Amino acid sequence: MVLDGATQTTLAILAGCGLDLLLGDPHRVYHPVRLIGLLIRGLEGELRAVFPHNKEGERIAGSFLAVLVPSVTGAVCWLLLSLAARAGTAVHFLVMTLMCYSLLAGRALSDESMKVYRKLKEGDLEGAREAVSMIVGRDTRELTEEGVTKAAVETVAENTSDGVVAPLMFLAIGGPAAGWMYKAVNTMDSMVGYRNDRYRYFGTTAARLDDVLNFIPSRLSGIFMVLCANAAGLDSRNAWRIFRRDRYRHASPNSAQTEAAMAGALRIQLAGDASYFGKVVKKPTLGDPIRKVEAEDIRRANRLMFLSVLPAVVVLLGMRTWILKAI
């Protein structure tokens, strides 16, 4: 049986989800995100050399970066898929599957956060601080056991959207090329989207673009968390209450969507002040301290993350199938 292109793409997305769940990131392989990072660093240097070193010049340079990085990434994906299609249907499907697989980060997120969990259970706070420093952007050297746990839970919550649901949505919309263009923007934001002296103006467009692309996925992720909380053995009613109350209590319009739902489901308080590059940043708290934060919350957060991804796959690919049939 010969499958049409749209059906092949849908099956490749499902296969990519399965591979991510089973295998996680292929650590022995040079990940494509690293190549995007090299592109960002290279273009940053070139653009800074071309435009004036003032507020206006940096904003223009950053805007060019925000256009060039996803454009180049999408073009490379399209070229690779075109070459694969010439080699035959099987090769094309394999390349699409690998692109989808390497784009998703659910298993990797779980694996890395569980390293923090295991260090905490062993009583190795220094090791837990080091492990959590690999998955968060804040300073971790002075974090308490509770602070380390909260940092791990928060990154699981936020990356349920950034690392799984958002890529799935863009894969469903436009296949691997669209998915990787999203990933390019998300990577760019993680590298230059800071409000510090170096990136305050240069990273503005990248940060705003990332906010726009994550607007819908973050809200879908928060809703899926609320709906799946009971199935994860957590508090769905409180998740809904805190999600509605606290989901905008963050400088980003998106980050608190999933963190609020997670805090409510776990019945703990997340967020609050954090240190970045040696400076304390004031942040509001999310959720109510109904009970004390404990290391086991990392395991619970991962369980909710995986359960929340299931309806995301069904809804997003279901909508993709329905829309393709309609047109």
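Two residues are in contact when heavy atoms of theirs lie within 4.5 Å. The model is predicted, with local features needing pLDDT of at least 70 and side-chain atom pairs counting only at pLDDT 80 or more, while totals for chains, interfaces and linings use all residues. Residues are numbered from 1 along each chain as its sequence is written, and side-chain values use heavy atoms, leaving out hydrogens and water.

Q: How many helices and strands does the protein chain have?
A: Both kinds of element are DSSP runs numbered from the N terminus: helices are H or I with at least four residues, and strands are E with at least two. Counted that way, the protein chain comes to 11 helices and four strands.

Q: What share of the accessible surface belongs to carbon and sulfur atoms?
A: Accessible areas come from the Shrake-Rupley method with a 1.4 Å probe, and for residues only the protein chains shown count as cover. The protein chain has about 16100 Å² of accessible surface. The part that belongs to carbon and sulfur atoms is 61%.

Q: At what angle do helices α9 and α10 pack?
A: Two packed helices are described by the angle between their axes and the distance between the axes. Axes are lines fitted to C-alpha atoms, for helices over the stretch in contact, and angles run from 0 to 180 degrees between N-to-C directions. Here α9 (residues 236–246) and α10 (residues 255–266) have axes 7 Å apart, and the angle is about 145°.

Q: How many charged residues are there in the contact of α9 with α10?
A: From α9 come Asn238, Ala239, Ile242, Phe243 and Asp246, and they meet Ala256, Gln257, Ala260, Ala261, Gly264 and Ala265 in α10. Ala, Val, Leu, Ile, Met, Phe, Trp, Tyr, Cys and Pro count as nonpolar, Asp, Glu, Lys and Arg as charged, and the others, Gly among them, as polar. That gives seven nonpolar residues and three polar ones, and the charged count is one.

Q: Is the crossing of α1 past α7 left-handed or right-handed?
A: Helix α1 (residues 5–23) packs against α7 at about 145°, with axes 10 Å apart. A crossing is left-handed if the near helix is turned anticlockwise from the far one by less than a right angle, and right-handed if clockwise. For α1 and α7, the crossing is right-handed.

Q: Which residues of α7 make the contact with α1?
A: On the α1 side you'll find Thr9, Ile13 and Cys17. By class, this contact has six nonpolar, two polar and no charged residues. The α7 side consists of Leu168, Leu171, Ala172, Gly175 and Pro176.

Q: Is Val156 buried or exposed?
A: Val156 sits in helix α7. Leaving out residues up to four places away in sequence, Val156 touches Leu109, Ser113, Met262, Ala301, Asn302 and Met305. Its relative accessibility is 0%, so Val156 counts as buried.

Q: How far apart in space are the C-alpha atoms of Leu103 and Asp246?
A: Leu103 is found in helix α4 (residues 89–103) and is buried at 1% relative accessibility. Among the residues Leu103 touches are Gly163, Pro167 and Trp180. Along the sequence, Leu103 and Asp246 are 143 residues apart, and their C-alpha distance is 30 Å.

Q: In which strand is Ala271 found?
A: Ala271 has a positive phi of about 65° although it is not a glycine. With a relative accessible area of 13%, Ala271 is buried. The strand that holds Ala271 is β1.

Terms used
Buried means under 20% relative accessible area, exposed over 50%, partly exposed in between (1.4 Å probe, protein chains only).
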